[in-house]
Amino acid sequence: MNRRNFLAQSALTAAGSLMIPNFLKAYELSAMGTPLAPSGKILVIVQLSGGNDGLNTVVPYRNDIYYRERPTIAIPADKVLPLNDEIGLHPAMEPLRALYDDGLLTVINNVGYPNPDRSHFRSMDIWQTASDSSQYKTSGWVGRYLDSACAGKVQQPFRTIEVDDTLSLAMKGETLNGMSLLDPKKLYNQTRSKLITGLSHEHPDEHQSVAYLYKTLAETVSSADYVFEKTKQKHAVSGTTYPNHELGHRLHTVSQLIQSGLGTSVYYVSISGFDTHINQPGQQARLLGQYAEAVGAFMADLKGAGRQNDVMLMTFSEFGRRVKQNASNGTDHGTASNVFLIGGGLPSRRVLNEAPNLSKLTDGDLTYTVDFRQIYATLLHDYLGADDVAILGRSFEPLKLV
């Protein structure tokens, strides 16, 4: 294989390291399955791609302005699943309401950032890198967490895993990337060919950039081997039935990996389709229903395994939608939205902050009151036991979550 073909084929890799020999030997260590986070906790991130309409997800069902601005797409008050006297969940989210009743759901309203960007790609970059809207970063906040957690130790990309066939910017660090996979056995088989294993051997005489790709490939081969062997030895047996759709399958995989004892601290999954400019009601109901039933199954599975308090699931979208509906029975790109935190041993059921103030808008959009990086800082420091200031680049006021 020539260099050009190698570079093309290396696209299947999603990890980076600078210490191949030590990394390979590391699998002989019994500590490989131990948690990376000092707290022993696990964070599962669910991304709702497309800009989910937060106002029709956590509905201000007592607010006349909400019904005035959304005459045909507002959720009728008698259909809302109440959380308190002001807000309630979309009727398709009954499994999430059950989690709230069980004391497992925290709702954070009005989450956004200064000078919001309504571009899907740019706003998602901001959320994934934890940058200001005027900054352009090439590393993500989970990737930098991995950099920090592995600093001075054997570098282990499988400590953060995205269940997908590509790696999000959030998972890419400055020196080390997480890994992506849809199925441990499939990834293992992809890396078993003589071609791949041969290329994964050390090439010290290569140009620095090419040598880095060889090392990246070697690390993927080793990680795939470890993850497959771990899941094979201790494959989780679950009586939970997961819904038969993409998010259900991916959260099922996350649960199996957790219960196999990989020692992974952060998992990342996503569901797309929330860009509801046209005929929003049916489309959003279907997506929120899929999300709620998949998360409900996931938490039931963890409860059965005795891991419910060890795992927190965080859900976000890159922005919310405008308050006023459009002429196509949908909503256009907006700003602030809500974030859900589920499980993790948090205090019992709660809505953390005030509902959106619909009489105090900014150019027709919700005015954010919680910077999303406050949530990241709190989770990094209080939940995972990491240095949030080093990872995020500066200090953000923590929230009273944990």
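Strand β1 (residues 42-48) is mostly covered, with seven of its seven residues buried; buried means under 20% relative accessible area, exposed over 50% and partly exposed in between, with a 1.4 Å probe and protein chains only. This is a predicted model, in which local features need pLDDT of at least 70, side-chain atom pairs count only at pLDDT 80 or more, and totals for chains, interfaces and linings use all residues. Residues are numbered from 1 along each chain as its sequence is written, and side-chain values use heavy atoms, leaving out hydrogens and water.

In a regular strand the side chains alternate between the two faces of the sheet. In β1, I42, V44, V46 and L48 lie on one side and L43, I45 and Q47 on the other, and both faces are covered.

Strands here are DSSP runs of E with at least two residues, helices are runs of H or I with at least four, and both are numbered from the N terminus. β1 and β9 (residues 311-317) run parallel and are joined by seven bridges, with V46 opposite T315. Six bridges join β1 to β8 (residues 266-271), also in parallel, and here I45 stands opposite Y268.

Turning to the helices, the axes of α4 (residues 94-101) and α11 (residues 280-304) come within 7 Å and cross at roughly 40°. The contact (heavy atoms within 4.5 Å) involves P95, L96 and L99 of α4, and Y291, A292, E293, V295, G296 and M299 of α11. These residues divide into seven nonpolar, one polar and one charged.

Technical notes. Axes fitted to C-alpha atoms, helices over the stretch in contact; angles between N-to-C directions. Nonpolar A, V, L, I, M, F, W, Y, C, P; charged D, E, K, R; others polar. Pairing = 2+ DSSP bridges.
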